[in-house]
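Please look over the sequence and the model below before reading on. The report then goes through some of the parts one by one.

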Amino acid sequence: MRIGISCYPTIGGSGAVATELGKALARKGHEVHFIVTDVPFRLGTFIEHVYIHAIDTATYPVLHTPPYDFSLAALMAKVVDDYQLDVIHAHYALPFAVCAFLARQMAKRDVKVVTTLHGTDVTVLAQDESLKQVMKLGIEKSDVVTAVSHSLSRQTNELFDTDKHIECVYNFIDTDVFRPNAGQNVRRSLAKPGERVLLHISNFRQVKRICDVIQIFARVEQEIPTRLVLVGEGPEYSAARHLVQDLGLMESVDFLGKQDEVAPLVAAADLLLLPSSKESFGLVALEAMACGIPVIGSTAGGIPEVVQHGVTGFLREVGDVERMASDALRLLRNESLYVNFCANARQRAETCFHIRDKVGEYEAIYRRVCGMS
Ligand code: GMT
């Protein structure tokens, strides 16, 4: 098939999922066209059957802001016609599903639109009433809408007061890349022998509750020698640094900033912390599980669909740092429990979220929507 993919190319779960999906589809022989502002960050080296179409946004003195969304819609329509696309897969309702809807009006060919909701569009952007109406249009005019968890499907139907069927296709993981022992060489540079490593990776938005991450670490560190590794950056970065300084923890916390290849870092950790207040799925939790790393997190959104409480990690109410810290200590102090959780985590990633199965689910959706099955 010929498939167009539009996503945010910058670092983030949705961009990672869209890019890995495109690469996997291309490896299976589909023609994949990324219609984007920039080369997606996870694309890596040249892959046969992958094309990149980058938007060239018009700027004129009379326009206060470049008409980015219209340029994107126009480019989508052009790629649909030039390359005879069967499907546009929009990763995010806003702007991509709405642009795909516009593109369909302009294109000469009857292209189908599949939209995947990743969370922030629904849980954050839809708080703005005017954007909500535009997003609702994008969702309702898509041929198929998927969400990355059942929690997000339900939330979307409630929030937009729509009965549009929203299928759940879980995010996925390449268990050959994210695997136990992928971080053997990295471990030595993160911690001394005998020290444990807690890891958090995010874009440091308020919803990630970085201060909870630090509070959990502060409690664990009082009991056993432990280091905290923080990967990423964003609006809460300085607040996080201040809290670490105020608690006198600068010596035992590493701020590594944005990192492209996280598999070795994830595999080098002992536990992943994800205490978010909002999380439609929590891709990083799945990355940790695939590496055989248990997760200490919150019960927000779709996290309980990924992490099984008491089996592959422990989940508590948002903000309950006391119990999250004692869960972490319980796992780190009990070797046989810890080893069990590690094995469960890896097994769950392989059996429930394998890239091969999820790519198959998306292919089946494309075929269905194009009347091929
Ligand atoms: O979590 C973020 O802030 C980034 C955001 C994104 O658009 O990349 O992540 C969302 O999509 C990911 C991939 O589907 C999910 O794993 C994240 O849970 C989701 N983030 C939120 O719902 C806050």
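This is a predicted model: local features need pLDDT of at least 70, side-chain atom pairs count only at pLDDT 80 or more; totals for chains, interfaces and linings use all residues.

Residues are numbered from 1 along each chain as its sequence is written.

Six strands form an open sheet in the order β10-β9-β8-β11-β12-β13, with parallel pairing. Strands (E, at least two residues) and helices (H or I, at least four residues) are DSSP runs, numbered from the N terminus, and two strands pair if DSSP finds at least two bridges between them. β10 (253–257) and β13 (313–316) each have a single partner strand, so they stand at the edges and one side of each is left without a neighbour in the sheet. From one strand to the next, the twist averages 20°; axes are lines fitted to C-alpha atoms, for helices over the stretch in contact, and angles run from 0 to 180 degrees between N-to-C directions. Helix α8 (210–223) packs on this sheet, and its direction makes about 165° with that of β9. Contact means that the C-beta atoms of two residues, placed from the backbone, lie within 7 Å.

Strand β4 (87–91) is mostly covered, with five of its five residues buried. A residue is buried if 20 or more other C-beta atoms lie within 10 Å of its own, exposed if 12 or fewer, and partly exposed in between, with C-beta atoms placed from the backbone. V87, H89 and H91 point one way from β4, and I88 and A90 the other way.

| Pair | Bridges |
|---|---|
| β1 and β4 | four bridges |
| β4 and β5 | five bridges |
| β12 and β13 | four bridges |

In these pairs, H89 of β4 stands opposite I5 and also opposite V114 in β5, while V295 has G313 in β13 as its bridge partner.

Helix α6 (150–159) has the buried residues S151, L152, S153, Q155 and T156. These pack against elements including β5, α4 and α12. D161, with a positive phi near 45°, follows α6.

Around the ligand there are 19 residues, of which G12, G13, S14, H118 and G119 come nearest. α1 gives the most to this shell, with three residues. Domain 1 (2–172 + 354–369) and domain 2 (184–352) both give residues to the shell, so the ligand lies between them; the domain bounds come from an automatic or database domain assignment.

Methods: A residue is near a molecule or strand if its C-beta atom, placed from the backbone, lies within 6 Å of it.
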